Amino acid sequence: MTTMDAETAEFVKSGFLAAVPFARTLGVEFVELDHGRAVLRLPDNADHHNHVGGPHAGAMFTLAESASGAIVIGTFGDLLGRAVPLAVSAEIRYRKLAMGDVVAEARLVRPRAEVVAELDAGGRPEFGVDVELRTPDGTPTGAMTVVWTLKPSAG
């Protein structure tokens with residue numbers, strides 16, 4: 001897979017943050033972005049803490065789902081004129097209390113070509129994005145899998 005050029009990466013970042021105001025509200029930041037991979041960060045903010053002093057589960061869910069969405073836009077953005085990306089399901093596992101900043105690294109599970117071929121054949125492809133949640137030093141704190149679909153646009 002080719003590396004995403006800087007112009008495309010900036011388009012994805014700005015478009016994503018414009019389209020997902022809740023991610024902006026939480027202060028989600030892009031760390032890395034490429035075709036099939038995205039790394040986003042949730043800065044530590046006391047206003048987003050839970051009852052034990054770490055980031056609220058909802059904030060971590062939003063971070064992980066945002067990382068998966070960034071991959072979808074980055075990988076399938078050229079298809080947005082004929083298909084709408086929608087999250088079908090998400091499963092999250094909280095493994096260890098996260099304290100401080102949290103990083104989400106998302107990876108596309110199915111190859112782009114396979115998903116596009118299914119869409120081209122008239123289908124409504126589904127594909128997974130796996131996300132690892134961790135502290136900046138690499139300690140895993142959770143994991144999420146989001147299943148997405150590309151719903152063909154009417155008309």
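Reader: In strand 6, which residue is the bridge partner of Val129?

Author: The partner of Val129 is Val146, in strand 6. This is a predicted model, in which local features need pLDDT of at least 70 and side-chain atom pairs count only at pLDDT 80 or more, while totals for chains, interfaces and linings use all residues. Residues are numbered from 1 along each chain as its sequence is written, and side-chain values use heavy atoms, without hydrogens and water.

Reader: How many bridges join strand 5 to strand 6?

Author: Strands of a sheet pair through backbone hydrogen bonds, in a parallel or an antiparallel manner. Two strands count as paired if DSSP finds at least two bridges between them; strands (E, at least two residues) and helices (H or I, at least four) are DSSP runs, numbered from the N terminus. Here nine bridges join strand 5 (residues 126–134) to strand 6 (residues 140–152), and the two run antiparallel.

Reader: In what order do the six strands stand in the sheet?

Author: The six strands form an open sheet in the order 1-2-4-5-6-3, with antiparallel pairing. Strand 1 (29–34) and strand 3 are the edge strands, each of which pairs on one side only. Neighbouring strands are turned by 20 degrees against each other on average, direction ignored; for such angles, axes are lines fitted to C-alpha atoms (for helices over the stretch in contact), and values run from 0 to 180 degrees between N-to-C directions.

Reader: Which strands does helix 4 lie across?

Author: Helix 4 (residues 112–120) lies across strand 3, strand 4 (102–108), strand 5 and strand 6, and runs at about 30 degrees to strand 6. Contact here means heavy atoms within 4.5 Å.

Reader: What volume does the largest pocket have?

Author: On a 1 Å grid over the protein atoms alone, a pocket is an open set of points with protein on both sides within 12 Å along at least five of seven lines, a cavity is a set where a 1.4 Å probe fits but cannot get out, and lining residues have an atom within 4 Å of a point. Points are joined across faces, edges and corners, and a volume is the space filled by probe spheres set on them. The largest pocket has a volume of about 190 Å³. Of its 14 lining residues, Phe16, Ala19, Val20, Gly69 and Ile73 are the closest to the centre. Helix 1 gives the most to this lining, with five residues.

Reader: How many cavities of 30 Å³ or more does a search of the whole structure find?

Author: The search finds one. The largest cavity holds about 40 Å³ of space, and its lining residues include Leu42, Asp44, His48 and Gly100.

Reader: Which element has the lowest mean pLDDT?

Author: The predictor's confidence in each residue is its pLDDT, from 0 to 100. Helix 1 has the lowest mean, 88, and strand 5 the highest, 98. The chain averages 94, and 98% of the residues score at least 70.
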